[in-house]
Amino acid sequence: MKACAALIILFLVLGLPMDTVKAQGSLSSLRCGSRLVLIGETKGDVAVKCGPPLYQQHVGEKIVRTRYGYDKMVVEEWVYNFGPTDFVHTLRFEGGRLAEIHRGERGH
């Protein structure tokens, strides 16, 4: 527990990004300037924190089971490129909520 707290303090003191890796290339958060975007936030929340995406596309629909049966969720991806010193990030929204954040290659 003390080691975890020490790492957090180190990240804060050094100003290092605290993107947490969930799975291969998948992140649980994204820093947009001084604001932090988290999984579960709405498209509106992300747009306010990060501004408009460089590119967005409708990917399709996902069928999900609800307690009332089945429902369709719209799946959409937004791409952000914060410049040549940062990575390109792809944000995947399902049903209007942020479901995944993927980090790609360095920006241009």
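Are Trp-78 and Phe-93 buried or exposed? I looked this up in the predicted model. Trp-78 is buried, and Phe-93 is too.

**Entry: aromatic pairs**

I searched the whole structure and got three aromatic pairs. I took Trp-78 and Tyr-80 to begin with. Their ring centres lie 6.5 Å apart and their planes meet at 55 degrees, so I logged the pair as tilted. I checked burial here as well: Trp-78 and Tyr-80 are both buried.

Next I turned to Trp-78 with Phe-93. This aromatic pair is tilted, with 4.7 Å from centre to centre and 55 degrees between the planes. I then asked where the two residues sit. Trp-78 belongs to strand S6 (residues 69-81) and Phe-93 to strand S7 (residues 87-94), so their pairing ties together parts that are 15 residues apart in sequence.

I also noted the grouping. One aromatic cluster is formed by Trp-78, Tyr-80, Phe-82 and Phe-93.

**Entry: a charge over a ring**

I looked at Phe-87. The charged end of Arg-103 sits over the Phe-87 ring, 4.9 Å from the ring centre.

**Entry: Val-74**

Which strand holds Val-74? I found Val-74 in strand S6. Its relative accessible area is 39%, so I put Val-74 down as partly exposed.

I then listed its contacts, leaving out residues up to four places away in sequence. Val-74 touches His-58, Gly-60, Phe-93, Glu-94, Gly-95 and Gly-96. I followed up on Phe-93, one of these. The C-alpha atoms of Val-74 and Phe-93 are separated by 7.9 Å, with the two residues 19 apart along the chain.

Conventions. Residues numbered from 1 in each chain as written. Predicted model: local features only at pLDDT ≥ 70, side-chain atom pairs only at ≥ 80, totals over all residues. Heavy atoms only, no water. Phe/Tyr/Trp six-rings, centres within 6.5 Å; stacked < 30°, edge-to-face > 60°. Buried < 20%, exposed > 50% of the residue type's maximum accessible area, 1.4 Å probe, protein only. Helix = DSSP H or I, 4+ residues; strand = E, 2+ residues; numbered from the N terminus. Lys NZ or Arg CZ within 6 Å of the ring centre and 35° of its normal. Contact = heavy atoms within 4.5 Å.
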